[in-house]
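Here is a short briefing on the fold and contacts of the model shown below. The points are grouped by topic.

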Amino acid sequence: MTTGAAGPGRGVEVRLDDLQRRYGNATALAGLTLTLAPGELVALLGPSGCGKTTALRLLAGLEEPDSGRVVVDGVDVTNVPANRRDIGMVFQAYSLFPHMSAMRNVEFGMQLHDVGPAERRKRAGDMLELVGLSAHAHKYAHQMSGGQQQRVALARALAIEPKVLLLDEPLSALDAKVRSRLRDEIRRVQLEVGTTTLFVTHDQEEALAIADRVGVMNAGRLEQLGPPTTIYSRPATPFVAEFVGLTNRLAGVVKDGEVDVRGARLPLVKPDTPNGPAIALVRPEAVSLVVDGDMVPGPLIGTVIATAFLGATSRITVDMGDGTVLAQMPTSEAGALSAGTRVRLALRKDPVLIARDESKPTEA
Amino acid sequence: MTAPLPDTTYVSGRGSGSTAIAAAGRPIAGSRRLSLTWVGLVPFFIYTGLFLFLPTLIIVVGSLTTKDGAFTTANFSGIAQSYLVKAFGASITISAASAAIGAIGGALLAYAVATGNPRGILRRTVTSASGVFAQFGGVTLAFAFIATVGYTGVVYLFLKDHGLDFYPKGVWLYDLPGLILIYTYFQIPLMLIVFLPALDGIRPQWREATESLGGGTWHYWRYVAGPLLAPSFLGCTLLLFANSFSAYATAAALITQGGVIVPLQIANLLTSETGRAAPGLAKSLALAMIVVVLVVTTLYTLLQRRTSQWVR
Amino acid sequence: MTRSRRFKLQLFRITIFIVLGAFFLVPIGAMLEFSTRGNAINAPRNLDAWKNIVQTPDLVSAITASLELAVITCLAMLVLLLPTMVWVRLRFPQLNRAIEFICLIPLTVPAIALVVGMVPIYRWININLSDSILTLAFAYLILVLPYSYRALDAGLSAIDLKTLSEAARSLGARWGTVMLRVVVPNMSSAILNASLISVALVLGEFTFANLLAYENLQVAINYVSLVDAGTSIAVAVAALLFAFALLMILSFVGRPPVPVAKAEDADFELGKTVSLSGGLVGRAR
């Protein structure tokens, strides 16, 4: 395979159909249904134990589902063993064969597929070039950095021209700087070869940055599946709202399809929420701060206790007397704010979600 | 010599407490302790000198001299006598066979342990018991097998009663096959102890990576686990070889007559009871044994080092 | 791992454990069986062989001698090795490797070879010092050197010896006090390790004693077996179980405390300790 020939559009459709898997008494997957479009990169995001890795391993054939089906390119592969599924996999770490050079590692899969020596050396060279490691082809795993090892692992997985590429937290063992660079690198390569890809991670930033669509998982279920922007700005469930991005938990009262938060009336994502006290989940970006002459004490008046400069935006922590609220606004507008400034909250009238569990403490 | 602080404290604690005295005491205390520090190592070096290096020296010098102290290589040519060559052959056969059986058995056991729960009680028990059994040997071990598969042993009698007589042509327990069987008893646990770390270093990802690349169990063992474990396996087998090559007590308890293997020959040459006492020859045999064991354990160390580079 | 492979693996493991378990336990059971046999055919089981132990003077004196040797060797090991190792770490760190090398030499010199060089030395000792069996302790100290070095080394590595001793010295402690009140209490489990393995090795020792013509426990067992197999096997079992108990204590209790998260490493460490020393377990036989 030359990288050009692979090209976009080579990907196949992958369908996970109501997959269930239990380990003893623990349910790892409680019926997962997910379809990846050809060439698409879907990131499964969730806390540890949410079932995302199980989903990936079921797709790889490394585990068997209790029920449900795995369909790749229209073929039911549920009972096909891992080594005949044609699925490339990149593991969390340490997956390179330590007694083989980078080159031999990449060649190995092709050797198993009976590709001739000359051909596989050429292809392995191409793959290493694709991941930018041509100069390190002769090196062994213990002579390479963690990031380089993962690039070789990616090259090795892609060298067999797999129908599907699986990435199992490939960046979690790397340090922050390498992580974001390699993340972009993986995305570039994936777009270049066009292989349908499932990327499993617990890092929301990673998932939002790399994926065409993100699936947020919790307790063996898919909570929401959608483009990163939707996941972030229109979380479908309280879990998604809280797991992805920062969220203020503000006490309020639901009444007739709206929620009253400190006197501000906000629309609800689910207007059929029953009336009564509730916790509204409000993104920091939906909170802006106003400084004007009229600072009569009231439910929307607070005092800045900290400001954090994040670049284009700043994050401001406001003490409301009965708790704190996070606001995020353009740095240009936040310039006048410093610790001790009296401010008035202005809540954007975006639809908000109501938290499931009211006993949970505020985690702003 | 650094760290004068303790002495300062010491001097001022005893003296008037004046700092002047303490400061003045420094160089004196320092130079006095220079000799004392060396004194601290003297017992160790005297003792190891007398009971480790001197015996080694006696072996080396004695193997190269006649009874009158003249230089000779006759003792080494003495090894070429047929009964000693035969003993070396038997020693090597026994050591190789028990090392091979022990290595395979121990590796299988280690694999069974390594694939279980790493914190489990089973693993803990097996590793602890192996530490114990690997140390087990000598007279007691010989007796254990005599009581088991000897001519009046419980297992032999039981099987004979049920129609299986494994001594159709006489008892082989007191001969080479018996020694091999008995040595296996401490070789398998030793193998477990030395080989388990290598198996623990094998990561499950390597098998899964092989599978996802299209390989089956055979490919995994042929191209991945096999080559990875081979140096360690070989090294450990060599260690087992050295282990049984050096063993004396078990054989001495089992075989009361003659000198089937080299250690028994050395013992015969040392004690004059057989009328063949030849200290010079005994020393050259001892030296030959030391050289064999040294070479083998050096190879073991080199092979282990190679594995530790891969498997961490 | 897929289910069918997991099943096959479990089957393999169970088979291995049963087969090897039998191989290792049956001989010990057989010794117990043998030592309780009656004299005549179909005679009822009895404990005569066990009772005979105390009525055989040779055995009693050999047992006493071996126990005395075990204690002497153990104490001599601690008195010689511990201060030297502490001293080297504090004052001659550059000699650390050399001391380690010396202590591990006995692993590559088979006991049967070493004893050849010891014969003339012991002849001199017998003539000029004493012909007591307790002089065997000189040789046994060499025998236990590698094993106790490893155990003590592990203990010393676990404490910050330099800081501890400097702190004690700055408070006015003399070196003897530092050793007894600071070093020893902080590495009690390493000392226990080193002592247990020394005792176990001495109790099982045959080669030195036999070829230097002393009658220790193992030599006596071998000798008595020619006359009364039942009794000698009874002693052998007793000595064996005693040594097993010591070594089991060693491997379960005696290892240095490790954090729970490191439990895996602890197993590995145990393996390593024994494996490096494993070099030549043959010493004991």
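**Chain B: an all-helix pattern**

Along its sequence, chain B reads α-α-α-α-α-α-α-α-α-α-α-α-α-α. That is 14 helices and zero strands. The model is a predicted one.

- Chain B has 312 residues, and 46% of them count as buried.
- Take the contacts in chain B between residues at least 6 apart in sequence: 73% of these join residues at least 24 apart.

**Helix α3 of chain B**

- Helix α3(B) has 22 residues. Its span from first C-alpha to last is 29 Å, close to the 32 Å expected at 1.5 Å a residue.
- Where is the kink in α3(B) centred? It is centred on Gly49(B), with an angle of about 40 degrees.
- The buried residues of α3(B) are Thr48(B), Phe51(B), Leu52(B), Pro55(B), Ile59(B), Gly62(B) and Ser63(B).
- Two chains take part in covering these buried residues. From chain B, the cover includes α4 (74-78) and α14. From chain C, it includes α4 (96-104), α5 (111-128) and α6 (136-158).

**Contact between chains B and C**

- Chain B puts 78 residues into this contact, and chain C puts in 77 residues.
- Which helix gives the largest share of the side of chain B that touches chain C? Helix α3 (residues 42-63) of chain B does, with eleven residues.
- By class, this side of chain B splits into 52 nonpolar, 22 polar and four charged residues.

**Contact between chains B and A**

- Here 19 residues come from chain B and 19 residues from chain A.
- Three helices of chain B give two or more residues each to the side that touches chain A: α10 (204-212), α11 (217-246) and α14 (279-310).
- The largest share of that side, six residues, belongs to α10(B).
- The side of chain B that touches chain A holds nine nonpolar, seven polar and three charged residues.

**An antiparallel sheet in chain A**

- Five strands of chain A make an open sheet, in the order β13-β12-β11-β14-β20, with antiparallel pairing.
- The edge strands are β13 (264-267) and β20 (353-354) of chain A, and each pairs on one side only.
- Strand β11 (residues 248-255) of chain A pairs with β14 (residues 276-282) of chain A over seven bridges, in the antiparallel sense.
- On its other pairing, β11(A) joins strand β12 (residues 258-261) of chain A through three bridges, also antiparallel.
- Ala251(A) has Ile279(A) as its bridge partner in β14(A).
- How many residues lie between β11(A) and β12(A) in their hairpin? There are two. In this turn, Asp256(A) has a positive phi of about 50 degrees.

**A parallel pair in chain A**

- Strand β6 (residues 87-90) of chain A runs parallel to strand β7 (residues 164-168) of chain A, and four bridges join them.
- Met89(A) stands opposite Leu166(A) in β7(A).
- Both faces of β6(A) are covered. Ile87(A) and Met89(A) are buried on one side, and Gly88(A) and Val90(A) are buried on the other.

Notes: Residues numbered from 1 in each chain as written. Chains lettered and ligands numbered in written order. Predicted model: local features only at pLDDT ≥ 70, side-chain atom pairs only at ≥ 80, totals over all residues. Contact = placed C-beta atoms within 7 Å. Nonpolar A, V, L, I, M, F, W, Y, C, P; charged D, E, K, R; others polar. Pairing = 2+ DSSP bridges. Expected span 1.5 Å × (residues − 1). Bend = angle between axes of the 7 residues up to and from the residue. Buried ≥ 20, exposed ≤ 12 C-beta atoms within 10 Å, placed from the backbone.
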